Amino acid sequence: MCLGIPGQVVRMLEGYGGQLAVVDVAGEQRKVNVGMLADETFGPGDWVIIHMGFAVEKTDAAGAEAAMRGLKLMGRGRDPEAPP
């Protein structure tokens, strides 16, 4: 597992060679480049691990939760109930 932020694919963006996805990261939608994972396919509901705007790993809900637990242990996980 890579150290990164988990996010869930909302949709793929048309154009861009199929390399950009809109991903929900802790309630915020971001554009993420999935081009580094050329052998994978992506669709709504898929989970990815993101590092510096790039999907570096495709995972599942359990993998995403494990990544978030790791971030929280390091004090980096975002608590959606906490004020910004």
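Reply: What follows starts with the helix, then moves to the strands and the nonpolar core.

The model is predicted. In sequence order the pattern is β-β-β-β-β-α.

Take the helix itself. α1 runs over residues 61–73 and has 13 residues. From its first C-alpha to its last it reaches 18 Å, close to the 18 Å expected at 1.5 Å a residue.

Which residues of α1 are buried? They are Gly 63, Ala 64, Ala 67, Met 68 and Leu 71. These residues sit on the same side of α1, because they cover an arc of only 135° around the axis. The background is helix geometry: an α-helix has 3.6 residues a turn, so residues three or four places apart point the same way. The face turned away from the buried side of α1 carries Ala 62 and Leu 73, both exposed.

What do the buried residues of α1 pack against? Their partners are β1 (5–12), β4 (47–51) and β5 (54–59). After α1 comes Gly 75, with a positive phi near 80°.

Now the strands behind the helix. β1 pairs with β4 in the antiparallel sense, over four bridges. Within that pairing, Gln 8 has Trp 47 of β4 as its bridge partner. β1 also pairs with β2 (residues 20–25), again antiparallel and over four bridges. Here Val 9 has Val 23 of β2 as its bridge partner.

β4 pairs with β5 as well, antiparallel, over five bridges. His 51 stands opposite Phe 54 of β5. The hairpin of β4 and β5 has two residues between the strands. In that hairpin Met 52 takes a positive phi, near 55°.

Next, the core. The largest nonpolar core has eleven residues in all. Among them are Val 9, Leu 37, Phe 42 and Ala 55. The elements that give two or more residues to this core are β2 and β4. β2 gives the most, with three residues. As background, nonpolar side chains tend to be buried together in soluble globular proteins.

Val 32 belongs to this core. What does Val 32 touch, leaving out residues up to four places away in sequence? The list is Gln 19, Leu 20, Ala 21, Val 23, Ile 50, Gly 53, Phe 54 and Ala 55. Of these, Ala 21, Val 23, Ile 50 and Ala 55 are also members of the core.

Gly 35 lies between β3 (28–33) and β4. Its relative accessibility is 24%, so Gly 35 counts as partly exposed; the buried class stops under 20%. Gly 35 and Phe 54 are 19 residues apart in sequence, and their C-alpha atoms are 7.8 Å apart in space.

Last, the whole chain. The protein has 84 residues, and 31% of them count as buried. Consider contacts with a separation of 6 or more: residues 24 or more positions apart account for 35% of these. The protein exposes about 5,600 Å², and carbon and sulfur atoms supply 53% of that area.

Back to the helix you asked about. The buried side of α1 packs against β1, β4 and β5. β4 is paired with β1, and β4 is paired with β5.

Terms used: Residues numbered from 1 in each chain as written. Predicted model: local features only at pLDDT ≥ 70, side-chain atom pairs only at ≥ 80, totals over all residues. Heavy atoms only, no water. Expected span 1.5 Å × (residues − 1). Buried < 20%, exposed > 50% of the residue type's maximum accessible area, 1.4 Å probe, protein only. Arc of directions from axis to C-beta. Contact = heavy atoms within 4.5 Å. Pairing = 2+ DSSP bridges. Areas by Shrake-Rupley, 256 points an atom, 1.4 Å probe, with all protein chains shown as cover. Core = buried A, V, L, I, M, F, W, Y, C linked by side-chain atoms within 4.5 Å.
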